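Biologist: Could you walk me through this model before I start working with it? I'd like the terms spelled out as we go.

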Amino acid sequence: MKSSEYLTGEKAFAILMAMFSAFLLYSIPSETQWFNGMALTKQPRFWPSMCIIGLSLFAFAYGLSVWLKASSLDECDKLDASAEFGEIKHWFRPIEFVVYFLTYVMAVPWLGYLLATLAYFLLMTLRMGYRKKSMLWISAATALLIVVLFKTLLQVKISSGAWYDLLPDSWATFMIINF
Amino acid sequence: MDVLLQSLDTFTRLDVWFALLAGSIGGVIIGAIPGVGPAVAIAILLPATYSMEPIVGITLLIGIYGASMYGGAIPAILINTPGTPVNALTTYDGYSMTKQGRARRALTLAYWSSFFGGIFSVVCLMLMTSIIAQVAPLFGSRDILMAAILGLVLVIVSHRGESLIAGVLVFLGMFISTIGMESIRYTKRFTFDQSWLNSGMDLITVLLGLFAMSQAFVLLIGNDSKVPMPDLKGQSKREGFYDLMKYKTVAVISASMGVIMGIIPGVGEFLAQFFSYNIANNISKKPERFGHGAPEGIIASEAANNAVPAAAMIPLLALGIPGEALTAMMLSVFYVHSIIPGPNLFINHADFVYGLYMSLFLVNVLIMMFLLVATRPLLRIIQIPQRFLGVAIMGLSFVGVYSLRNSLVDCMLCAGFGVFGYILRRLKMPIVPIILGIVLGNIMEQKFRAGMARVNDFTDFIDRPISFSIFVIIIIVLVVHGRNIWRGYKTKQAKQTTATDQ
């Protein structure tokens with residue numbers, strides 16, 4: 001990462017944190033309750049307010065430090081920093097993988113943990129650019145291992161697939177318990 | 001004595017031994033893979049341990065915690081990439097030794113140093129038990145509140161050069177801990193009329209997002225780098241042990257430093273190895289060798305960081321205050337099984353405490369035995385393609401978060417925190433302060449409310465000897481930190497003036 005990109009990222013982060021803490025400060029009256037006649041320190045509002053005030057003070061001080069750092073740059077760097085938003089573009093790159101992840105999550109109650117995990121691992125392996133058969137086998141084996149370890153052996157609570165109900169009773173029970 | 005025998009009885013059980021083996025071997029493997037680390041592994045395994053008995057679950061997690069640092073030394077020494085962040089200093093001398101054709105010697109030295117640090121720390125923990133058991137009950141709500149504040153202050157000041165952002169993240173974590181229904185008046189706080197926020201944000205969801213998902217994103221977005229296969233043939237396995245014997249003083253000082261730093265909440269492995277490395281450098285007869293393959297450098301780094309896990313158990317068990325992210329995660333396992341760490345733990349669950357000590361001891365022995373025979377196969381693990389690792393971590397994160405309550409919302413939250421963690425990683429900002437903010441913030445609010453019954457004004461918080469002593473320590477820490485910042489500022493100004501004059 002270039003130093004100018006890093007500083008752009010820091011500036012954007014400082015602004016976001018300042019805006020977030022200002023929003024929280026503004027929301028204190030509507031999002032917490034105040035009981036008349038109760039001591040200040042016993043109010044439900046007291047503790048969140050202390051946290052938000054602390055957050056705001058540190059966010060302000062951090063913003064100030066970033067601003068001072070930016071203003072100490074020479075003119076050439078300043079132009080570079082304001083022109084480039086490369087770092088902020090990077091922040092959106094995980095969104096693609098968030099979509100894949102949530103698709104996987106939504107697929108589990110339909111396909112069941114085993115099938116959804118196999119599909120997730122194989123498709124993600126292909127998406128990552130691995131084309132060798134050996135890699136796809138490793139990917140499928142990893143998926144199977146994870147399912148067997150967590151669902152079959154450790155009996156972690158993961159919902160069963162909707163299509164399991166279509167199976168004969170004994171098979172459906174077996175699939176629900178193990179996969 | 002009865003309690004000790006009762007705790008030994010635990011180790012006749014197969015499930016405990018399975019947890020010991022799985023934790024030790026799994027931890028070494030996890031540590032040896034650059035980019036995974038114990039925090040990711042523990043966050044993923046945490047929900048699975050809820051259904052286990054407390055001693056089994058904690059043993060598994062402790063195994064991973066302790067073993068990962070052993071394993072992390074392997075890539076640090078062989079490919080100049082620390083397996084876990086706390087092995088960073090090992091690269092200085094370890095990789096230099098590899099370049100000089102002494103890789104096997106560096107590895108065995110790292111293993112023996114880690115073993116020494118680990119066992120030294122467990123012995124210290126055992127010896128201190130009677131003192132801890134006597135001192136811990138003296139801590140009241142206000143004392144624990146002050147200790148938690150000290151922990152937060154140390155978290156902030158120990159992030160040198162990034163204290164302000166550490167402060168932002170600590171308070172953000174504390175704020176997150178207040179979301180949801182509060183337990184006294186049952187009023188909603190910052191739920192924005194969203195029913196899914198009524199019970200607050202689950203620590204596991206946040207943890208998995210910040211540690212596991214964000215790391216998965218980093219790996220998925222990055223590139224696979226070709227890792228050369230190191231050659232260990234024809235090198236002696238014993239030299240590392242002889243080196244450790246030769247530099248006993250360095251080993252003892254470093255392990256002691258690890259114990260001290262482990263006990264202090266909020267400090268942890270980084271400062272332990274940093275200080276011990278500097279001390280080893282200062283007392284060395286050949287300080288010029290440091291950074292160029294000095295065995296003392298490896299001893300200092302590895303003995304110090306492996307002494308921390310057992311020592312970090314002291315504030316956790318005695319006061320219920322976690323010193324860093326990993327013990328903060330373990331705290332949730334205690335709570336799930338209604339074992340409340342704190343002053344009464346040594347009275348109500350003494351067998352559990354001794355069982356924990358035994359687990360820590362056995363974990364170190366098992367890891368050492370495993371490493372002495374399995375180093376060569378472990379080298380293959382370093383070569384797992386990074387992006388495939390990202391796919392696996394994301395898949396494993398699903399297990400962790402979805403198994404909590406099969407909720408899509410939890411997964412969305414986890415992904416959201418993952419993106420936030422990814423941004424923090426991009427900007428090289430610390431993640432741990434948020435987690436400690438959440439855990440310590442929660443403890444602080446509880447103790448603050450409990451302490452309020454005996455408090456008329458704020459000076460009553462420090463009218464007890466313990467709380468007053470901790471308060472004085474907080475003031476000293478803040479003054480020293482302020483002085484360091486001022487000195488740094490003056491030095492920087494002097495340098496700028498000199499540069500301008502030239």
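Modeller: Two residues are in contact if their C-beta atoms, placed from the backbone, lie within 7 Å. Among contacts in chain B between residues at least 6 apart in sequence, 79% join residues at least 24 apart. This is a predicted model, in which local features need pLDDT of at least 70, side-chain atom pairs count only at pLDDT 80 or more, and totals for chains, interfaces and linings use all residues. Residues are numbered from 1 along each chain as its sequence is written, while chains are lettered from A and ligands numbered from 1 in the order in which they are written.

Biologist: What pLDDT does chain B average?

Modeller: The average for chain B is 85, and 96% of the residues score at least 70, where pLDDT is the predictor's confidence in each residue, from 0 to 100. For the complex, the predictor gives an ipTM of 0.92 and a pTM of 0.84.

Biologist: How many helices and strands are there in chain B?

Modeller: Chain B has 20 helices and two strands, these being DSSP runs numbered from the N terminus (H or I, at least four residues, for helices; E, at least two, for strands). Its C-alpha trace spans about 70 × 70 × 50 Å along the principal axes.

Biologist: And what about the radius of gyration of chain B?

Modeller: Chain B has 23 Å, which agrees with a compact globule, because with 502 residues such a globule would have a radius of gyration near 23 Å. The radius is taken over C-alpha atoms, and the globule rule is 2.2 Å times the number of residues to the power 0.38.

Biologist: Which residues of H4(B) meet H16(B)?

Modeller: Among them are B:Ile58, B:Ile62, B:Gly66 and B:Tyr70, and the residues they meet in H16(B) include B:Leu356, B:Leu360 and B:Val363. Helix H4 (residues 54–79) and helix H16 (residues 350–381) of chain B pack at an angle of about 40 degrees with their axes 9 Å apart; the axes are lines fitted to C-alpha atoms, for helices over the stretch in contact, and angles run from 0 to 180 degrees between N-to-C directions.

Biologist: Switching to the interface, how many residues does each chain give to the contact?

Modeller: Chain B gives 46 residues and chain A gives 52 residues. On the side of chain B that touches chain A, H17(B) gives the most, with 11 residues, and the residues of that side divide into 31 nonpolar, nine polar and six charged.

Biologist: Now chain A: is A:Ala116 buried or exposed?

Modeller: A:Ala116 counts as buried because it has 24 C-beta neighbours inside 10 Å; a residue is buried if 20 or more other C-beta atoms lie within 10 Å of its own, exposed if 12 or fewer, and partly exposed in between, with C-beta atoms placed from the backbone. A:Ala116 is found in helix H6 (residues 113–127) of chain A, and, not counting residues up to four places away in sequence, touches A:Tyr104, A:Ala107, A:Val108 and A:Leu111.

Biologist: Where is A:Ala61?

Modeller: A:Ala61 is in helix H2 (residues 46–71) of chain A, and counts as partly exposed, with 16 C-beta neighbours inside 10 Å. As for the whole chain, buried residues make up 28% of the 179 residues in chain A.

Definitions and conventions:
Ala, Val, Leu, Ile, Met, Phe, Trp, Tyr, Cys and Pro count as nonpolar, Asp, Glu, Lys and Arg as charged, and the others, Gly among them, as polar.
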